[in-house]
Amino acid sequence: MSRPPITGTLTDTLAAARRQRGRRRAGQLAALAAVVLALVALTLMVGQSVTPPGDVARVLLGRDVPGAGFTIGTLRAPRALMSLLTGLSFGLAGAAFQTMLRNPLASPDIIGISFGASGAAVAGIVFFGLSGSAVAPVAIAGGLGVALGIYALAWRGGGVAGARLILIGIGMAAMMQSVISYSLLKASTWSQNEAIRWMAGSVNGATLAEAVPLALALAVCGGVLLLRARDLEALRLGDDTAAALGIRVGWLRITVLLAAVGLVAFATAAAGPIAFVAFLSGPIVSRLIGPGRSLLLPAALGGAVLVLGADWIGQFALPMRFPVGIVTGALGAPWLVYLIARSNRVGAAS
Amino acid sequence: MSEASLAAPHHRRAALPRGFWLLAVLAGLAVLCALSVAIGTRSVSLAEIWGGLTGATETIGEAAVSKRLPRTLLAALAGAGLGLSGAVLQGVTRNPLADPGILGVNAGAALAVTLGLAFFGLAGFHAYIWTAIAGAGLTAGFVYAIASVGPGGATPLKLALAGVASTVAIGAFISAVLLPHADIAGGAQAWQVGGVGGAGFAGIRAVLPFLAAGCALSLASGGALNALALGDEMAAGLGERVMLARAAAALGAVLLAGAVTAICGPIGFVGLAVPHLCRLIFGPDYRWLLPLSALTGAALLIGADVAGRVIARPSELDVGIVTAFLGAPVFIWIVRRQKLKDL
């Protein structure tokens, strides 16, 4: 009321600027979400045949539509849902890792977590004849085990440093790769094909039953990550600054690690290690929306865009059908070169 | 008195002369060669070993022994090549984590060979070797170039990340090529696990010139690598032509790694672990380090091959898998040992 006018102006200006930033961010998130919805609609409507939106809606509401019931209900809807969920999970987990380790290259598919899940899954497929839903728990156990191993080995002198965590992760990745190679070598021909296809990452033949555990994991782990998003942003300033701001750095790191690994492991179990989604979505959306607020939610949406788009391209836009992981891998390679060169130039990876 | 105690560590190193260790490594190599011929999936008697060595193949045991001869030779050559190549790469890049596998050389060679198999009907040892060397060289140069952009040059962290990221990208391309070509998938998969099991004298003869050239280039660069270890400016001040020395040494290393990869498939971590082991024992002088890395690498690879035959009886583990399992812990140990600011 009786505030001096100069302070009033300053707070007003700050508040206005903050409101404006908030509106801009809300607009960006809405735009990303709209793209995701558009791609879901594309996946549902356009395939070998084009289904009108009215029929799609009727099938989704549970009505019986002759001709479209099987295509939409059994083929396209589970596929779209699985793409959406894996994309969200990989994008979210990747951004969480990159923020936590302060390195745009340190995503779970680079530092061995995905390899841990894949190694366990491929060994399960080849040596124990697992298939379908039985692969998931093995992959999850593998991912979590490797992550905890990396964390324990990187522990020295009462803490874990990001750079050491990354390099030890790379060493573990090499070990898991040799497990994968060995399993593939010992595999019979049919399980070899199954394993190679799984390794490439695919949402082909997804069922609603497979999507349920991933949806639950996304709700729990994703919720944890989004709740800690502010603290993670503070961690960007450095461990010491974050600690001075009142954040228990070690505790934060292990929480985020567990939640993000959970996401990666469940998503990998459901669809295989879809290459580069976790790695790319964070940096891409950060280029689109600019620096500032937490990247977690935009990166999750970006991951969904990547998987949905790449899956549709792999199915219908190329001369032969490729699993989604091959498309994201091929799209990702040039981006990767650009990113590494660029992030090195600004010193972010040093 | 205090001076003497300060000098003590140097005396201790002098007390175990390099010559002694050299003899020890040679003796170890000889023993491992003997074991590699004598031990295998099939137990053989002394008489059969002698028969196999002298060329007889009447009994199954003698035939088995005669199969183990080229295998042992190839393991020795491959191990020597990889150990030497790793030592040279660590010297050229002044980076403790430089290794053919980490630099993406293996992945690059694998991609080149896969492309060759799928689209160009690659056949014959020489075609394999040239293709693999080309892929290896291109990838190594590419990874190093990416890693050295930006401040600080190619730090171990940047180099490792660039190498792994490129390996993942190359892996996606390999899968993309293999999925539509089910007929070659099995062969390519078998090649991607490094092994010396399928060795024959024909393959060894084909790869020998490349190994010899790479070996000569690498060993000749020992003095230059010593100068380079002091930093580029110091080396130039000492009269070294830095770029030329570096290029010659790197070419030698890529020739070695590419040729070994072409004939055995990717074998990881030998190039990383062996030079570190040798540096612990022999000190940092590259004129000693290079030949000893070659000898130790040969001993290590033969040992890993024998271990792979013994562990998984009646089947056998490929040597690439054994070295990855032995080598990854060494990698982790090196990382834990390094001071953080050096990463």
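Colleague: How do you know how confident the predictor is in chain A?

Modeller: Chain A averages a pLDDT of 81, and 90% of the residues score at least 70; pLDDT is the predictor's confidence in each residue, from 0 to 100. This is a predicted model, in which local features need pLDDT of at least 70 and side-chain atom pairs count only at pLDDT 80 or more, while totals for chains, interfaces and linings use all residues. Residues are numbered from 1 along each chain as its sequence is written, with chains lettered from A and ligands numbered from 1 in the order in which they are written.

Colleague: Where in chain A is confidence lowest, and where highest?

Modeller: Confidence is lowest in strand β2 (residues 159–160) of chain A, at a mean of 60, and highest in helix α13 (residues 296–317) of chain A, at 90. Helices (H or I, at least four residues) and strands (E, at least two) are DSSP runs, numbered from the N terminus. Chain A has 14 helices and two strands, and chain B has 15 helices and zero strands.

Colleague: Which part of chain B should not be read in detail?

Modeller: Over residues 1–14 of chain B, pLDDT stays under 50, and the model has one contact beyond four places in sequence for them. Two residues are in contact if their C-beta atoms, placed from the backbone, lie within 7 Å. Where pLDDT is low, the predicted coordinates should not be read in detail. Chain B as a whole averages a pLDDT of 79.

Colleague: Why is Ala275(A) called buried?

Modeller: A residue is buried if 20 or more other C-beta atoms lie within 10 Å of its own, exposed if 12 or fewer, and partly exposed in between. Ala275(A) has 30 C-beta neighbours inside 10 Å and therefore counts as buried. Ala275(A) lies in the loop between α11 (249–271) and α12 (277–289) of chain A. Beyond its neighbours within four places in sequence, the contacts of Ala275(A) include Asp109(A), Gly201(A), Val168(B) and Ala172(B). Buried residues make up 53% of the 350 residues in chain A, and 52% of the 343 residues of chain B count as buried.

Colleague: What makes a set of residues a nonpolar core, and which members touch the most others in the largest one?

Modeller: A nonpolar core is a set of buried Ala, Val, Leu, Ile, Met, Phe, Trp, Tyr and Cys residues joined through C-beta atoms within 7 Å. The largest has 223 residues, of which Ala96(A), Ala260(A), Leu263(A), Val264(A) and Ala259(B) touch the most other members. Val264(A) is in contact with Phe90(A), Ala93(A) and Pro108(A), among others.

Colleague: Why are α4(B) and α12(B) called roughly antiparallel?

Modeller: The axes of helix α4 (residues 60–93) of chain B and helix α12 (residues 242–264) of chain B cross at roughly 150 degrees and come within 9 Å. Angles under 35 degrees count as roughly parallel, over 145 as roughly antiparallel, 65 to 115 as roughly perpendicular and the rest as oblique. The pair α4(B) and α12(B) is therefore roughly antiparallel. Among the residues of α4(B) that meet α12(B) are Leu74(B) and Ala78(B).

Colleague: What makes α13(B) and α14(B) oblique instead?

Modeller: Helix α13 (residues 270–282) of chain B and α14(B) pack at an angle of about 125 degrees, with their axes 9 Å apart. The two helices are therefore oblique to each other. Residues of α13(B) in this packing include Val270(B) and Phe282(B), and those of α14(B) include Trp288(B) and Leu301(B).

Methods. Axes fitted to C-alpha atoms, helices over the stretch in contact; angles between N-to-C directions.
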